[in-house]
Amino acid sequence: MRLRRTKLYLPGNNPNMLLRGHLFNPDGVILDLEDAVAVSEKDAARILVRDVLRKGDFGNCEVTVRINAMDTDLWRSDIETVVPCGIDGIRIPKVENPKDIAIMDEALSHIESKAKMRVGKTLIFCLLETALGIWNAYDIAKASRRVAAICPGGEDLRADLKTTRSENSEELIGPRRIVVLAAHAAGVDALDTVYADITDDAGLRRETEWVKQLGFQGKSVIHPNQIPIIHDVFTPTDREIEQAKKIVEAAVEAAARGLGAVQVDGKMVDKPVVKRAEYTLQRAGLSAGGEK
Amino acid sequence: MAINAVGRDIPDSIPGYGDVKHFKGHDRRPPEGNRFGKRNRTAFNSRTDKTLPDIKAAISASGLKSGMTISFHHHLRNGDFVVNAVLDACAEMGIRDLVIFPTALFGVHKHLTRHIQSGVIRQIMGSVNGPIGQLASEGGMSVPVILRSHGGRPRAVTSGEVVIDVAFIAAPTSDKYGNLSGAVGKSACGSLGYAHSDAEYAQCVIAITDNLVPYPAPCIHIPQFFVDFVVVVNSIGDPAGIVSGTTRVTRDPMRLLIADNAAKLIEATQYFKNGISFQTGAGGISLAVAAYVREAMRERGIKGSFGLGGITEFFVDMMKEGLFERLLDVQSFDLAAVRSIGENPNHVEISADWYANPWNAGCAVNMLDTVVLGATEVDRDFNVNVNTEADGALLHGIGGHQDTAAGAQLTIITTPLLRGRIPCAVDSVYTVTTPGEVVDAIVTEFGVAINPRRQDLIDAAKEAGNVPLVTMDELIDKAHGFTGSMSPVETEERIIGVIEYRDGSVIDVVKQLKKK
């Protein structure tokens, strides 16, 4: 399982951040060619991002590039430039329609085979930033085997919903729940949008705890200082890990003995509990067997 | 000519400086003979008031003549009015060819450029920065600037290498008989540590104050028996430039990352235990290191012995919390430190001699466990440059860099690997300020390089498992990979700056920049 607790946006026109972003140990970095870059700088940013990708020094981060939206004439140049650099995936803004994903899948396959790369290597992360995108979330998530995650939008989505930001983002409760439901139904990750107030650590922690409870696997990040807080929320506590180890070990032992029922501390444990315990260990960076 | 211990080719004699004692390595120049003795004098008991009407009257009374050496302290930092006022008075009185010997100069002293250009000032012995540094670098001074560390300067004074003819001491409070305090008054600056040796060794001492109080003054830092004259002026400085307000820990993620790496290294070593002593600067990274170390001390129940050097509110709070027993303060950076030194007997003022002079019976830096310092450049031999920028201009003083690096058990240099497009880890630094033999670790955002002669630290960091270790070669190669090679700085042959090691030997020189 690939941990995607944090994905740090790095402006595509900022060499300082592009070179250093991975040092803050997010689970992934997003080299941004879209909103962070003014129209007049799109070409320069694309070249800069390409050169940084060719250096290929991102530690253990999952490397993705946010390309320009598919209703612009920039996205093809974006993928033709960055995909041959061997990135893990692309993040597509304003996805509304499964057909767009099919078009992208085909375009990626073409580039991959031309570059003699494994076809299907490049994953797709879909940003659902309109009401229509949210409505089509499940179909979008299922539109290609490349889709790794779907993510609700923030400000764009609010605008499309004809609402504004409230203190607790109540306007996004529905869309977030739909994204979680669609993602897990389709077998992809649900990754939450950014928390915009970079100085409000307590607010970030509250929102992260809430989206974790909803069923998200992580959040996008716009400032490195947000990373440890989100990791802290998404990383199981020592107590949770110990309990999960006990449950998984008991399940392994029961299976070895050919027993169907699993007992921990004298109580029967159901299959979903075992499954959740395995997931806890995966999130803690431990395999299901409890070994590092 | 001789190649010194850090590989620099230095002439045996430098015009305007004299014969060179070549740097042979740390602790390789022991002192000889006795300390310097100043002239005897008396203030017969018929004279119980040392005040004079103005600065000019004091200059006349002191016997100051053209060609002499005058000194100043920098406790009023960028708020100082005194240096400019004294040089203005000297200019008006027709005094020329002065050697000025400040403990440091700041941006506010760019006013002096007119006195350099008109010949009132012939030489500066002390840090130069900003416009004066640029002027000197471009050949605007007839003799080289001489840079000494905070310990090297009192060494030069107490040994008699530099004889101060008149010391002008800005005093936030004085009485009429010359008892001086930094802790009280509208221009309070806290410690007067850098002024002590000047008060003690100058041939004549003039105190300049804007707060004359009845005898005896409270909280005396410099006693009356050193002071010849007292001048009262309207204001010795701008409080806004003298002390900063609350010093906040940075939120800059890159600085925090470097600080976190430095703190992890400190925690990994044998020095992180009860009784630890610690010094950091007031800069962003340094203060953040202190913040991380404070957290770790709390978590592991560690109580330190003392905090040293320039003292900030942060250290004052750590002492109040019981994380330090005492503060040894040579310079108080902010209002909380100024208040604390006046109120708390465990917040002790120390002189620069006490702080860092290598030629006394033992200075405070020798008792230091850990120091965190900055750099403009570091190199493959762990040499550190803090004096010149990438363009070769002389822009910063040495401060306590050489002294604390030499004294501390664990000397950590924190620096970003790149500043903009300029690499900070290079094959060979442009100017050697502090020799690599007294530097233990270079901490960057891309990892921590430990000096190979400290295998004990490498082992400790490996055992801790959370210190991102790299080699110096890896750091330099990485920086080079990002930026490519820099064009070499183009210089004339003329030497415009002499960098002394704390023992008075010449560790490096700075040459005049070629006109572009």
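Biologist: What is the mean pLDDT of chain B?

Modeller: In this predicted model, local features need pLDDT of at least 70 and side-chain atom pairs count only at 80 or more, whereas totals for chains, interfaces and linings use all residues. Residues are numbered from 1 along each chain as its sequence is written, with chains lettered from A and ligands numbered from 1 in the order in which they are written. The pLDDT is the predictor's confidence in each residue, from 0 to 100; for chain B the mean is 95, and 99% of the residues reach 70 or more. For the complex, the predictor gives an ipTM of 0.83 and a pTM of 0.91.

Biologist: At what angle do helix 1 and helix 2 of chain B pack?

Modeller: Two packed helices are described by the angle between their axes and the distance between the axes. Here helix 1 (residues 55–62) and helix 2 (residues 82–92) of chain B pack at about 70°, their axes lying 10 Å apart. Because angles of 65 to 115 degrees count as roughly perpendicular, helix 1 of chain B is roughly perpendicular to helix 2 of chain B.

Biologist: Which residues of helix 1 and helix 2 of chain B meet?

Modeller: Contact requires that C-beta atoms, placed from the backbone, lie within 7 Å. By that criterion B:Ile55, B:Lys56 and B:Ile59 in helix 1 of chain B meet B:Ala85, B:Val86, B:Ala89 and B:Cys90 in helix 2 of chain B.

Biologist: How many residues of chain A are in contact with chain B?

Modeller: Seven residues of chain A are in contact with seven residues of chain B.

Technical notes
Two residues are in contact if their C-beta atoms, placed from the backbone, lie within 7 Å. Axes are lines fitted to C-alpha atoms, for helices over the stretch in contact, and angles run from 0 to 180 degrees between N-to-C directions. Helices (H or I, at least four residues) and strands (E, at least two) are DSSP runs, numbered from the N terminus. Angles under 35 degrees count as roughly parallel, over 145 as roughly antiparallel, 65 to 115 as roughly perpendicular and the rest as oblique.
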